Amino acid sequence: MPTHYDLYQLEDMSGGDKEFMKTVVEAFLVEIPPDLESMQLAIDNDNHKMAYQFAHKMKPNLEMFGIDLIREISAMERWADSNKPTSAIRPQLNTIVTMVNDAIAEMRKDWKM
């Protein structure tokens, strides 16, 4: 049983079709790491708009896999609409990076990818 992600929504959406689920997991593993890296770079470069775009893009995928980062992603979206320095969002960014990377590692192991 996964500890860093949850398959409930994916199983419900797929009707339990394991091949479909595997395809969605593969897409997550291909798309999310570069988006996460791009979001980090946007924050490092104080690019609020770009950070917002990547946070917003990742949100439905994180929710689908039960990766509970809604508060951190919402904070990222609010930060993007502010003039606050990058230091104001670093704690949330660190949480996002840690939790997403833990889920990715666990998915790769669980799905043998």
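Ser-82 sits in the loop between helix 4 (70-80) and helix 5. With 18% relative accessibility, Ser-82 counts as buried (under 20% relative accessible area, with a 1.4 Å probe and protein chains only). Its side chain reaches the backbone oxygen of Trp-79 at 2.6 Å.

This is a predicted model, where local features need pLDDT of at least 70, side-chain atom pairs count only at pLDDT 80 or more, and totals for chains, interfaces and linings use all residues. Residues are numbered from 1 along each chain as its sequence is written, and side-chain values use heavy atoms, without hydrogens and water.

Trp-79 is one of the buried residues of helix 4. Helices here are DSSP runs (H or I, at least four residues), numbered from the N terminus.

Now take helix 2 and helix 5. They pack at an angle of about 160°, with axes 11 Å apart. Axes are lines fitted to C-alpha atoms over the stretch in contact, and angles run from 0 to 180 degrees between N-to-C directions. The two helices are therefore roughly antiparallel (angles over 145 degrees).

Both sides contribute to the contact (heavy atoms within 4.5 Å):

| Helix | Residues | Contact residues include |
|---|---|---|
| Helix 2 | residues 18-44 | Phe-28, Ile-32, Leu-36 and Asp-44 |
| Helix 5 | residues 90-110 | Arg-90, Leu-93, Val-97 and Ile-104 |

The residues of this contact divide into 14 nonpolar, two polar and three charged. Asp, Glu, Lys and Arg count as charged; Ala, Val, Leu, Ile, Met, Phe, Trp, Tyr, Cys and Pro as nonpolar; the others, Gly among them, as polar.

Technical notes:
Parallel < 35°, antiparallel > 145°, perpendicular 65-115°, else oblique. Buried < 20%, exposed > 50% of the residue type's maximum accessible area, 1.4 Å probe, protein only. Polar contact = N/O pair within 3.5 Å; in protein donor to acceptor, adjacent residues only side chain to side chain.
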